[in-house]
Amino acid sequence: MNVLVTGASGQLGVDTVAVLERKGHTVLGCDRHQLDITNLEQCQQVIGEFAPDVVIHCAAYTAVDAAESDIDGAYLVNATGSRNIAVAAEAVQAKVIYISTDYVFDGQGEQPYHEYDNTDPQGIYGKSKHAGEVLTQTLSSRYFIVRTSWVYGMHGNNFVKTMLKLGQEKPQLKVVHDQKGSPTYTVDLAEFLSELMLTEKYGIYHASNSEACTWYEFTQEIFAQAKQILGAEIIAELEPCTTTDFPRPAPRPANSVMEHLSIRTNGFEDIRSWQDGLTAFLQELKQSS
């Protein structure tokens, strides 16, 4: 298939391009220099000329705290940009996969969120991503909305890399223990996207590595596996803390855990556990060093 990937130099974009190429697809990976998603005419030109079967829309404004003061910037990329992609893709009858986020929920629920729970984003980032969802659903006749959470991979800054660095430098580390979610390894998410795009099982999907943990529990596992796989010398002593200990401009969801209802009911194999995803990431990190 011909696949166009937006945000191709980002954390998820790089791995998505690599997975698709390995599977024999013809891929046009576009970063912001090759495709400015906020420019409708450029979207129409690039997508029109390549005529993809699928557009995987990874490009996004993801600076959660900065979005609180840069409201126009967040909506320009996440809403207007997504509208432009949907309009240009529809003109060539391409499927659209829009990558969304757990931040479209209020994060206060007791149970994992499933795909048809009511959305109620609390911050500008979540609200602008939800606007992108609505525009994609309205303007595309062949769409998949894939919400994910706590993403990390080889290509970009992320929580795992930060904790690995701090764990070897700081004698003591406080990590939040009252926010729960599912860490997601970009390669595992990209593999799922590569399966999803071959189908016509359109709709909303929650896609993360399976099972859940707090940031504190995630860090514990990062340190344990890093010692084993990387032989890392972790000196940090971990201490659990609360969200209020780290005040930030944007509200953080206490519960980011997402139920994989659509994956199951559409006959897909569920994504492996977050612990196994972490193992695969650390092994990839070891091989690259």
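Student: In which hand, left-handed or right-handed, does helix 4 pass helix 5?

Tutor: Some background comes first. This is a predicted model, in which local features need pLDDT of at least 70, side-chain atom pairs count only at pLDDT 80 or more, and totals for chains, interfaces and linings use all residues. Residues are numbered from 1 along each chain as its sequence is written, and side-chain values use heavy atoms, with hydrogens and water left out. Helices (H or I, at least four residues) and strands (E, at least two) are DSSP runs numbered from the N terminus. A crossing is left-handed if the near helix is turned anticlockwise from the far one by less than a right angle, and right-handed if clockwise. Here helix 4 passes helix 5 in a right-handed crossing.

Student: At roughly what angle do the axes of helix 4 and helix 5 cross?

Tutor: Axes are lines fitted to C-alpha atoms, for helices over the stretch in contact, and angles run from 0 to 180 degrees between N-to-C directions. The axes of helix 4 (residues 71-91) and helix 5 (residues 124-139) cross at roughly 15° and come within 9 Å. Helix 4 is therefore roughly parallel to helix 5, a term for angles under 35 degrees.

Student: Which residues make the contact?

Tutor: Contact means heavy atoms within 4.5 Å. Helix 4 contributes residues including Ile 71, Ala 74 and Tyr 75, while those of helix 5 include Ile 124, Leu 135 and Leu 139. By class, this contact has eleven nonpolar, five polar and four charged residues. Ala, Val, Leu, Ile, Met, Phe, Trp, Tyr, Cys and Pro count as nonpolar, Asp, Glu, Lys and Arg as charged, and the others, Gly among them, as polar.

Student: How many salt bridges are there?

Tutor: A salt bridge is a side-chain nitrogen of Lys or Arg within 4 Å of a carboxyl oxygen of Asp or Glu. The count comes to eight. In one of them, Arg 22 pairs with Glu 191, with the closest N and O atoms 2.4 Å apart. Arg 22 lies in helix 1 (residues 11-22) and Glu 191 in helix 7 (residues 186-196), so the pair ties together parts 169 residues apart in sequence.

Student: Is Asp 65 buried or exposed?

Tutor: Buried means under 20% relative accessible area, exposed over 50%, and partly exposed in between (1.4 Å probe, protein chains only). Asp 65, at 17%, is buried, whereas Arg 22, at 57%, is exposed. Asp 65 forms a salt bridge with Arg 248, the closest N and O atoms being 3.1 Å apart.

Technical notes
Angles under 35 degrees count as roughly parallel, over 145 as roughly antiparallel, 65 to 115 as roughly perpendicular and the rest as oblique.
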